[in-house]
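Hello,

Here is the structure I promised to pass on to you. Please have a look at it, and then read my notes below.

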Amino acid sequence: MANALNFNRREGYLEKYGFHDKNSYVYRTEKGVSSRIVEEISGLKGEPEWMRNFRLRSYGIFEKKSMPGWGADLSGLRFDDLYYYVKPSDKKGRNWDEVPEKVKLTFERLGIPEAERKYLAGVEAQYDSESVYSSLKGIWEKLGVIFCSTDEALKKYPDIVRQYFGTVIPPGDNKFAALNSAVWSGGSFIYVPAGVKVEIPLQAYFRINAESAGQFERTLIIAEPGSFVHYVEGCTAPVYSTNSLHSAVVEIVVKEGARVRYTSIQNWSDNVYNLVTKRAFAYKDATMEWLDGNLGSKVTMKYPSIYLMEKGARGEVLSIAYAGNGQHQDAGGKAVHIAPYTSSRIVSKSISKGTGRSSYRGLVHVRKGAHHVKSKVRCDALLLDDRARSDTYPVMEINEDEVDIGHEATVSKVGDEQLFYLTSRGLTEEEATAVIVSGFIEPIVKQLPMEYAIELNRLIELEMEGSVG
Amino acid sequence: MPKTLEIRKLHVEIEGREIIKGVDLTVSTGEIHAIMGPNGSGKSTLSYSILGHPDYAVTQGEVLFDGENVLDMKPDERAAKGLFLAFQYPVEVPGVTLASFLRTAVNSIRKKQARWGGQPLKEISAIEFYKRLEEKMNLLQMDPSFAQRYLNEGFSGGEKKRAEILQMAMLGPSIAILDETDSGLDIDALRIVSDGVNALYGPDVGLLVITHYQRILRYVQPQFVHVLVDGRIALSGGPELAEQLEEHGYDWVKDQLGESAVTRQNG
């Protein structure tokens, strides 16, 4: 089978994907973080006073907060050894022809659309989706939808940003949320007016033109009453990063009767600590859906949360994690039922291979007074071999009697009988394992937009290539 | 060109316990053989070891197919050479549709065959695949929606067996082993499955029908019948042997064996 491109992602990763041009930035702050650096970032961006103060206050919180005493091992993380702001060059000046052949081949094998490939390879001069973006932008603008980078939003729509920024996830929430609040850059801003239903999913890569997604991106989505939007971020191609910390904050406000779906598939290079805080507030009869796929990275800690604030709110977290050799995916979801007659569902599927470890960590919290709450949690783990590890840490804090709470967990191992059955039909052991894995994640994958579903399946196949037997 | 599966003096162990204790059997394309035997006689072990189940250790003997040593091959390679096993207990694979699995299997086999033959790979196109699938499903009187169900998950006993024969039809083996395909089938399902098997049988296809009962042999009629007792082929004969077994039961074989042993000693 295609030995020409038979690479193992976990070996020689830098050689395979290290095409990131180290000289493509025009400015970056010195290593490490301090109030001076925070001020410098704010100054470079020409931000209003309130944001500068918000950043400084957040930095103070970051300094005081201790590291989380639970979850994955973060002892390898060195805050002093990171760059906190890198201003991208306006023109990368890279030509598609200059992109290494093996990189193009990877994109091709993953089936990534041409336009996206060019973006990923840092080719912006002839970024094909610009035209797609412009025409879609015209449609959105007519509807009053705002979709731009959070930096741009701060300049153009300061009042809306100020009203919501940091209200769902305050800087004091956790050390990494504080850090993000101090040094954030990039991320998406989406505002959907009342009653507007955005039919075409908003995809981050349509937006990314000048300001590329950063290490400390900040996303804010406001869905006014009765509106609908599906936001899709990330992509399945490995994102090479020189910086070893990715710490994003995503805040979402879903107002009465509105529905927001947030789909995120991320695949970080294996030097990255991916520590993300994502939270949504769902008000009366609102629906919030997180669909979260985590591949790559050294350590991921990510638990998309939904606060069910008012009667009739519904929330769903679907999470897929793949932990390969040396990786720890600590992922899951949280549902906090503040109001009565609210419901939530958390479905987690994790796959571990080799020395990979995946943990489900989840919280279902029913506050006093939140009666008639329904919540279902299901976590399934699939182990590809004997060394792989999976744990579950489900926490239930139920402070009300009249509730309907369910929890189910399964751990399965790719079985000899399944493998023999499939190989006896002509599939190699690698193919058979890939088929079993794709079936395992099918219930979640089928909810992805088609092109992402195909990419995700191919990516997992690629991840497992040559890894079995 | 006829192809032959030759099993010579085969001994097979599971977890250190010998189950097959020296079996000789030759099945060629164009032939139908039946292996009958009581429970625990080693019928399934024999079929698993022909396809190369990793838990079944061949300690002695040979299995050749078309002159090549099969025992050195992985199960997927044996499949690509033209061997097929219809499982007595097909395995469930949740989330994988029968159709998508079969397409992967057809292409995996084509990939290996192309590599061995030094030919360029021709993957089956979606249109060609679905055309063939529909045709074969018609043959087995299966509803087209069946192809979109997850492989063996929630299938009834009869559906599982039908799906096994559908897979055989799509993969087109030279020698197919049917392991207790008749078990768990009601009379109508047995007739449909048997009609399907008969339609697939021909000069280029050989069948090895493994069964406890004579039932299926009324529909899929063997030219050769072998009786497996305690890991050895105790008796071989024509179709009449199946009838004798039906009439007298397996104890009769044991008696026959005992008598012949006694006769030999006296003689």
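**Between chain A and chain B**

Two salt bridges are counted between chain A and chain B (a salt bridge being a side-chain nitrogen of Lys or Arg within 4 Å of a carboxyl oxygen of Asp or Glu). Arg425(A) forms a salt bridge with Glu164(B), with 2.9 Å between the closest N and O atoms.

Before you go further: this is a predicted model, in which local features need pLDDT of at least 70 and side-chain atom pairs count only at pLDDT 80 or more, while totals for chains, interfaces and linings use all residues. Residues are numbered from 1 along each chain as its sequence is written, chains are lettered from A and ligands numbered from 1 in the order in which they are written, and side-chain values use heavy atoms, leaving out hydrogens and water.

In the interface, 21 residues of chain A are in contact with 33 residues of chain B (contact means heavy atoms within 4.5 Å). The area buried between the two chains is about 2,100 Å², with 63% given by carbon and sulfur atoms; buried area is the accessible area (1.4 Å probe) that two parts lose on being put together, summed over both. Of the area that chain A buries against chain B, Phe420(A), Tyr421(A) and Arg425(A) supply 38%, more than any other three residues.

**Within chain B**

Helix α5 (residues 157-171) and helix α6 (residues 187-200) of chain B have axes that come within 10 Å and cross at roughly 10 degrees. Helices here are DSSP runs (H or I, at least four residues), numbered from the N terminus, and strands are such runs of E with at least two. Axes are lines fitted to C-alpha atoms, for helices over the stretch in contact, with angles from 0 to 180 degrees between N-to-C directions. α5(B) and α6(B) are therefore roughly parallel to each other (angles under 35 degrees count as such). Arg162(B), Ile165(B), Met168(B) and Ala169(B) in α5(B) meet residues of α6(B) including Ile192(B) and Leu200(B).

Glu6(B), finally, belongs to strand β1 (residues 4-14) of chain B.

Happy exploring!

How values were computed
Angles under 35 degrees count as roughly parallel, over 145 as roughly antiparallel, 65 to 115 as roughly perpendicular and the rest as oblique.
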